[in-house]
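Here is a short walk through one protein chain, from its overall build down to a single residue. Have the sequence and the 3D view open as you read.

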Amino acid sequence: MNKREFLKSTGAIVAGGMISRLTTAQQQPAPRENWAGNITYSTDHVHTPANVDEVRDVVKSCSQLRALGSRHSFNRIADSTQNQISLQHLDQIEVDDNARTVTVGAGIKYGQLAPVIDARGYALHNLASLPHISVAGAIATATHGSGIHNGNLATAVRALEIVTASGELIQLSRDKNGDEFLGAVVGLGAVGVVTRVTLDLLPTFQVAQTVYQNLNFDELAHNFDAIFGAGYSVSLFTDWQHHQATQVWIKRKLQPGEKHESAAEFYGAKRATEKLHPITGHPAESCTEQMGIAGPWYERLPHFKMNFTPSSGRELQTEYFVPRERGYQAILAVEKLRDQITSHLFVTELRTIAADNLWISTAYQRDSLAIHFTWKPEWDTVKQILPRIEAQLKPFAPRPHWAKLFTLSPALLQGQYARLADFKALLKQHDPSGKFRNEFLEKNLYAT
């Protein structure tokens with residue numbers, strides 16, 4: 001999703017119709033760019049099957065194929081030179097009250113799902129800052145929200161339904177499939193085409209959001225976990241100037257009947273007296289309610305309202321995950337490049353993610369700090385800055401977001417994943433001919 005335009009003027013995106021339907025042997029015009037406009041896809045052969053049987057037919061008919069989600073990726077992870085498949089028509093939502101789960105078709109977006117389950121008295125454990133992204137695409141790339149006790153969105157997965165390279169339909173679950181399941185959840189679209197996802201549910205809850213301004217980074221030296229743990233979800237925004245976070249967004253989970261109260265100061269930062277946008281000076285109408293006003297989880301955990309539909313804008317995104325225990329040192333390392341970064345940046349967001357056991361997750365067995373950059377659309381300059389940032393972060397073993405821009409070498413990237421060999425074996429088991437591999441995967445998983 002386009003974060004700059006979202007940040008600048010609007011709220012969440014409805015990630016709607018994107019591609020033509022080749023299952024009926026007829027092609028129609030389709031968007032051939034990602035939302036940010038920095039990627040033009042390499043094929044005009046895009047399939048939009050209406051059901052799982054048609055998905056199986058498409059998979060069996062193609063020698064090369066990549067799944068295309070809501071086009072939120074900023075690199076070529078979803079690209080193909082031959083065929084892409086969209087699951088946008090697989091839009092079922094089925095709640096199981098006994099199991100406390102919801103099973104969704106792979107085309108469902110979080111913005112569609114959240115109000116439905118909330119009306120049934122349920123919630124998800126977290127949401128990303130921009131909620132109108134597909135469930136299947138988000139879990140495949142370990143997309144996340146924030147909160148030191150909150151895992152990324154993939155950690156809510158209870159089961160997957162996948163069409164493998166042969167067209168076989170398989171089910172993998174946390175309860176029955178152990179390691180194979182842990183390897184497949186953050187699957188990078190390489191295990192097969194996910195058709196259904198089952199997610200854990202929580203009882204619905206209320207959240208109140210308070211924003212503070214101008215937190216001196218020195219406070220993080222001794223209060224890092226206290227600051228990032230001050231709410232259910234906490235985000236710091238910075239432009240890297242003046243050794244400070246320009247804003248701190250604290251989202252506090254409320255108990256039934258609890259009245260929210262917030263202090264006037266937070267580690268020296270002042271409580272905002274009006275609703276704010278993460279980019280200082282921009283209109284805040286698109287942002288979720290602040291000022292301690294309580295509301296449903298899905299109207300507070302994202303930064304932006306779900307009912308806004310911005311036009312596609314132009315931006316670039318990068319994100320690196322480092323060990324949370326060394327997060328402050330990593331921030332200081334990046335800060336040394338502030339004068340090279342700021343003029344090309346819209347905003348940086350700092351978030352925390354709890355460790356998990358999903359093999360290719362960016363938070364695999366490591367509580368993490370995520371350092372996110374939303375760049376101006378200046379790739380020629382940004383691609384010169386990224387190696388410098390990566391060099392500064394090298395002592396912290398950075399893991400780049402799978403769906404965003406990075407220049408880290410394949411050797412360094414592969415070295416961050418202890419179960420990579422097992423993941424490759426899983427891919428060979430379900431896709432022996434490499435049907436779901438593309439240039440991005442060949443380079444980053446297989447190049448030496």
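A residue counts as buried when its relative accessible area is under 20%. Keep that cut-off in mind while looking at this model, which is a predicted one. Leu-215 has a relative accessibility of 0%, so it counts as buried.

**Around Leu-215**

You can find Leu-215 in strand 11, which covers residues 206–216. Setting aside residues up to four places away in sequence, Leu-215 touches Ile-227, Leu-236, His-243, Gln-244, Ala-245, Val-248, Phe-266, Tyr-267 and Ala-269. Thr-238 sits 23 residues from Leu-215 along the chain, and the C-alpha atoms of the two are 9.6 Å apart.

**The chain as a whole**

Zooming out, the protein chain contains 12 helices and 20 strands. Its radius of gyration is 21 Å, close to the 22 Å that the globule rule gives for 448 residues, so the chain is as compact as a globular protein of that length. Some overall values are gathered here.

| Property of the protein chain | Value |
|---|---|
| Span of the C-alpha trace along the principal axes | about 60 × 50 × 40 Å |
| Buried residues, as a share of the 448 residues | 60% |
| Contacts between residues 24 or more positions apart, as a share of those with a separation of 6 or more | 73% |

**The nonpolar cores**

In soluble globular proteins, nonpolar side chains tend to be buried together. Which residues have the most contacts inside the largest nonpolar core here? They are Leu-236, Trp-297, Ile-341, Phe-373, Trp-375 and Ile-389, in a core of 101 residues.

Two packed helices are described by the angle between their axes and the distance between the axes. For helix 6 (residues 220–228) and helix 7 (residues 327–335), the axes come within 9 Å and cross at roughly 120°. The two helices, helix 6 and helix 7, are therefore oblique to each other. On the helix 6 side, Leu-220, Ala-221 and Phe-224 take part, meeting Gly-327, Tyr-328 and Ile-331 of helix 7. How many of the residues in this contact of helix 6 with helix 7 are nonpolar, polar or charged? Five are nonpolar, one is polar and none is charged.

Technical notes
Residues numbered from 1 in each chain as written. Predicted model: local features only at pLDDT ≥ 70, side-chain atom pairs only at ≥ 80, totals over all residues. Heavy atoms only, no water. Core = buried A, V, L, I, M, F, W, Y, C linked by side-chain atoms within 4.5 Å. Buried < 20%, exposed > 50% of the residue type's maximum accessible area, 1.4 Å probe, protein only. Axes fitted to C-alpha atoms, helices over the stretch in contact; angles between N-to-C directions. Helix = DSSP H or I, 4+ residues; strand = E, 2+ residues; numbered from the N terminus. Parallel < 35°, antiparallel > 145°, perpendicular 65-115°, else oblique. Contact = heavy atoms within 4.5 Å. Nonpolar A, V, L, I, M, F, W, Y, C, P; charged D, E, K, R; others polar. Rg over C-alpha atoms; globule rule 2.2 N^0.38 Å.
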